[in-house]
Amino acid sequence: MPRESYQERLETLREDVLYMSEIVLERFRLGLNALEQKDEEFAWEVIDGDDEVNQLYLDLEQDCIDLLALQQPVASDLRFIAASFKIITDLERVGDLATNLGEYSLEAERDVFPEVDIQEIGAAVIEMIEDAMDAYSEEDPELCYTIAQTDDLIDEQCEDASEAVVRDLIERQIDADSSGTDIEQLMADVSRLLLTIRDIERVGDHAVNIAARTLYMVENDDDLIY
């Protein structure tokens, strides 16, 4: 394969990975909207759309394999292809987490903890993924470190949110006998909300993974790879 054509395919791979990130983030936003609005149409759009994300992943995985097989890549190209493969794996998992949000929204009956701002945390992790993909696109090592620092703040927000849910649950259990609260339903709602917080936090973790692989791709630096 002529070198020019090979380089064109490398650039196409980058563009396709960026396209996959756009699709995945669209699904994640829909999942958040489904939760906020209790919208079954949004929920099913996210759930049914998971097949598209999975197919994108498989297609790009094959592209990575083909590029490795067609011509022995130099060190920088090898790191780029390896990083791209790891990044699409993280994006596919973000798609799975978006599907989870759609499923949670179908099961949720009401907002039991309006003081926990799921949408705010969700918007923050979306921005993290967007920044991580910008770092990948622009080969920006400094942005990679910024994303890792942001994740510490997200972890704190998620921990605070989870603690608030548990504290509120304890208070509601104490008042259950006098208020007639359905404890079984309350426990189900609490469990679902804690899972939602956990899944949103994991999106932030995947953003860090993308940043880590980008840093390795650009500078041969594994500092952020855990």
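Leaving aside its neighbours within four places in sequence, which residues is methionine 133 in contact with? The close-ups below start there; keep in mind that this is a predicted model.

**View 1. Methionine 133 and its contacts.** Here's the answer: methionine 133 touches Val17, Leu18, Ser21, Ile87, Leu91 and Ile210, once neighbours within four places in sequence are set aside.

**View 2. The largest nonpolar core.**

**View 3. Helix H4 against helix H5.** Take H4 (residues 75-107) and H5 (residues 118-138): their axes come within 12 Å and cross at roughly 165°. An angle over 145 degrees counts as roughly antiparallel, so that's what H4 and H5 are to each other. Their crossing is left-handed. On the H4 side you'll find Phe80, Ser84, Ile87, Leu91 and Val94, meeting Ile129, Met133 and Tyr136 of H5. Sort these contact residues and you get seven nonpolar, one polar and no charged.

**View 4. Helix H2 against helix H4.** H4 also meets H2 (residues 40-48), with axes that come within 8 Å and cross at roughly 150°. This crossing is left-handed. From H2 come Glu40, Ala43, Trp44, Val46 and Ile47, while H4 brings Ala98, Thr99, Gly102, Glu103, Ser105 and Leu106 to the contact.

Key: Residues numbered from 1 in each chain as written. Predicted model: local features only at pLDDT ≥ 70, side-chain atom pairs only at ≥ 80, totals over all residues. Heavy atoms only, no water. Axes fitted to C-alpha atoms, helices over the stretch in contact; angles between N-to-C directions. Helix = DSSP H or I, 4+ residues; strand = E, 2+ residues; numbered from the N terminus. Parallel < 35°, antiparallel > 145°, perpendicular 65-115°, else oblique. Left-handed = near helix turned anticlockwise from the far one by under 90°. Contact = heavy atoms within 4.5 Å. Nonpolar A, V, L, I, M, F, W, Y, C, P; charged D, E, K, R; others polar. Core = buried A, V, L, I, M, F, W, Y, C linked by side-chain atoms within 4.5 Å. Buried < 20%, exposed > 50% of the residue type's maximum accessible area, 1.4 Å probe, protein only.
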